[in-house]
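Dear colleague,

Please find below the structure for your records. A short account of the findings comes after it.

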Amino acid sequence: MSKVKYYYDPDTLSYRKIEPKKSKRYRNIFLFLAASTLFGFLGLTLLLNTNLVNTPKELSLEREVQNYELQYEILNKKMEQMEQVLTNIEDRDNNIYRLYFEANPIPEEQRKAGFGGVNRYKSLEGFNNSEIIINTTRRLDIIQKQMVIQSKSLDEIALLAEEKEKLLAAIPAIQPVRNEDLTRMASGFGWRTDPFLKTRKKHWGMDFTAPRGTPIFASGDGKVTRADNNSSGYGKHIRINHGHGYLSLYAHLSKYNVTPGQKVKRGDLIGFVGNTGRSEAPHLHYEVWKDGERINPINFYYGSLSPEEFESMLKFANQENQSLD
Ligand SMILES: [Zn+2]
């Protein structure tokens, strides 16, 4: 109940009741309510903004956030290690593997390209921890991209290695007859005295002395293109196409062990030494062709000879003696 107020009326010499105006009473009520709302609101805001009062749920959430931050740091450390390993692989890729197989190195910019310009992390913006999340995500994206490029590069290297292996198997790289003590070679490639004309003439192959019937071996993988007596001077001879521009020729044979069109492997028995065609004594005349030119076969024996043996063979091959043709 509100207090009843009185005043003294000198005219009537009595106390009279003060009747409060209705509008004033409503205004008082309104002011009171407004003031209490304002204070209540201020008090609440103050409470929420201080760390003095935290609910158990808030405390648990805070601990969780701290844990996330720690885990992000650990993840970043791990990524740093991955980056180092990856950089090491990339270096080896560029400076050893790609170099060895004559592929161009992949430039650094290309390995890490595609992360400038457009902001691809817009959806991660606007949070307290946006920075750490965006940085970590970007870092991981770059690593991912590097891995894809590295993997593609290794695919390419694997292909090149396979090709190289085929090439190495195809190159006519062994001597076509057994020649353990290197006594078989009679004449090398170059200017030699012609056994029939006794004049100086270029000798386009290597002569190996051997008794009739000595086995002759394919000097590299390939396909027999000819095994016939239809080429002037060579007598019964075999030609093998090794691909990659290489061809080998074996002349003055007594017998064939292959037929045209047959595929052969390095070391396969293809025929036997004889004295057919333009030949002075039983021997094998051996030629190596590269892109249509006859080249010195001696440069291909390195794989099957020790350095000393190669040296001795080279010395002998360079002697200007008479060829057996
Ligand atoms: Zn010859």
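The notes below cover salt bridges, strand pairing and surface patches.

Please bear in mind that this is a predicted model.

The count of salt bridges comes to 15. In one of them, the side chains of Arg-139 and Glu-83 meet at 2.9 Å, N to O. This pair links distant parts of the chain, with Arg-139 in helix H4 (residues 130-170) and Glu-83 in helix H2 (residues 56-100), 56 residues apart. Arg-139 is partly exposed at 23% relative accessibility, and Glu-83 is partly exposed at 23%.

Glu-287 forms a salt bridge with Arg-294, with the closest N and O atoms 3.6 Å apart. Glu-287 counts as buried because its relative accessibility is 1%, whereas Arg-294 is partly exposed at 26%.

Strand S8 (residues 222-228) pairs in the antiparallel sense with strand S12 (residues 263-264) over two bridges; here Gly-222 has Val-264 as its bridge partner. S8 also runs antiparallel to strand S9 (residues 237-243), joined by five bridges, and Ala-227 stands opposite Ile-238 in S9. A salt bridge joins Asp-228 and Arg-226, their closest N and O atoms being 3.1 Å apart. Asp-228 is buried at 17% relative accessibility, while Arg-226 is partly exposed at 26%.

On the surface, Lys-3, Lys-5, Lys-21, Lys-24 and Arg-27 gather in a patch of positive charge. Lys-24 belongs to helix H1 (residues 22-48). Val-4, Tyr-6, Tyr-8, Leu-13 and Tyr-15 make a nonpolar surface patch of about 620 Å². Val-4 lies in the segment before strand S1 (6-9) and is partly exposed, with a relative accessible area of 41%.

Yours sincerely

Conventions:
Residues numbered from 1 in each chain as written. Predicted model: local features only at pLDDT ≥ 70, side-chain atom pairs only at ≥ 80, totals over all residues. Heavy atoms only, no water. Patch = residues over 30% accessible without salt bridge, like charges linked within 9 Å, V, L, I, M, F, W, Y side chains within 5 Å. Areas by Shrake-Rupley, 256 points an atom, 1.4 Å probe, with all protein chains shown as cover. Salt bridge = Lys/Arg side-chain N within 4 Å of Asp/Glu carboxyl O. Lys, Arg positive; Asp, Glu negative; His and termini not counted. Charge placed at Lys NZ, Arg CZ, Asp CG, Glu CD. Helix = DSSP H or I, 4+ residues; strand = E, 2+ residues; numbered from the N terminus. Pairing = 2+ DSSP bridges. Buried < 20%, exposed > 50% of the residue type's maximum accessible area, 1.4 Å probe, protein only.
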